[in-house]
Amino acid sequence: MRLDWAGEQPSTRPPFFLPSLAGTMANESRHPGLDRTALAGDDRQRWRAAGRLAPPPVSADHELRRRLTAAWAESIAVRGYSRTTVQHLVDSSRISRSTFYDNFGSKDEAFVAIHTDALASLGMHVTVAAAAEPTWPRKVTSGLAAALEVAAGRPQEARLLVGDLFGAGPRMGYCHDLLLARFTPGLAAGRRSNRAPPLPSSLETALLGSLIGIVSSRVHSGVGDTLPALAPSMTEFILAPYLGVEKAKRTAGVLSAEAP
């Protein structure tokens, strides 16, 4: 069961389309003759857009993923996603190629697995922080502050989440879409406010895309530890379209006053 950080009722539906689609993708990678007509129409399109990436195998243990997270973060920083090879990953993580292929079918599959872990961890921290707040603006405020703290404290995971967006092609694009899909519903809840003006349908994607760009720039520049200090200005930026500039400033001002 997942508690939606926007304050919705808890839902048993898995986030986005991963569980149902993931099993199909895994079967397809191992059984090329699989009848894809069993897929729902939307899932078929997402399956194609995902570049036939398989889900994280259950046999990949925590230590293996910890090593691969560090290896991926280092390699993306040095050579980018597209030039990273399986050999780079096994050399950096100090595992054998046989161990790698016992758990993953390709470097793409390994990346999706590690990215999924990092996204789940981030989502948990945001959900816990937001759940303690009584109102939507405060949920956004606390959830955003928690996300920035995680990015600052876990730079390797942050580098994977916001990684090589323009150099990796559809693989990173797929994971980027998962990141957006995880958090846009929480922002969209602000549309239900009676004071919210008519808003463009792309607003949440644009807002989160801007924040991801800032986080990416700081993380890749080696100054990710400065991200928590941006929480007040980012809060104002996010809330202004929904609440108006003045109320967004007041909410961000409360955050500034509470900062140590």
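A residue counts as buried when its relative accessible area is under 20%; the views below show a predicted model.

**View 1. Threonine 127 in helix 6.** Threonine 127 lies within helix 6, which covers residues 107-131. With a relative accessible area of 12%, threonine 127 is buried. A polar atom of its side chain lies 2.8 Å from the backbone oxygen of glycine 123.

**View 2. Helix 7, residues 136-153.**

**View 3. Salt bridge between arginine 66 and glutamate 63.** The two side chains meet at 2.7 Å, N to O. Both residues belong to helix 3 (residues 62-79) and stand three residues apart, about one turn of the helix. Arginine 66 is partly exposed at 45% relative accessible area, and glutamate 63 is likewise partly exposed, at 33%.

**View 4. Salt bridge between arginine 138 and glutamate 133.** The N to O distance between these side chains is 3.6 Å. Arginine 138 and glutamate 133 are both buried.

**View 5. Salt bridge between arginine 191 and glutamate 204.** The closest N and O atoms of the pair are 2.9 Å apart. Arginine 191 is partly exposed, at 31% relative accessibility, while glutamate 204 is buried, at 5%.

Note on methods:
Residues are numbered from 1 along each chain as its sequence is written. This is a predicted model: local features need pLDDT of at least 70, side-chain atom pairs count only at pLDDT 80 or more; totals for chains, interfaces and linings use all residues. Side-chain values use heavy atoms; hydrogens and water are left out. Helices (H or I, at least four residues) and strands (E, at least two) are DSSP runs, numbered from the N terminus. Buried means under 20% relative accessible area, exposed over 50%, partly exposed in between (1.4 Å probe, protein chains only). A polar contact is a pair of N or O atoms within 3.5 Å; within protein, one must be able to donate a hydrogen and the other to accept it, and residues adjacent in sequence count only if both atoms are side-chain atoms. The expected span of a helix is 1.5 Å times one less than its number of residues. A salt bridge is a side-chain nitrogen of Lys or Arg within 4 Å of a carboxyl oxygen of Asp or Glu.
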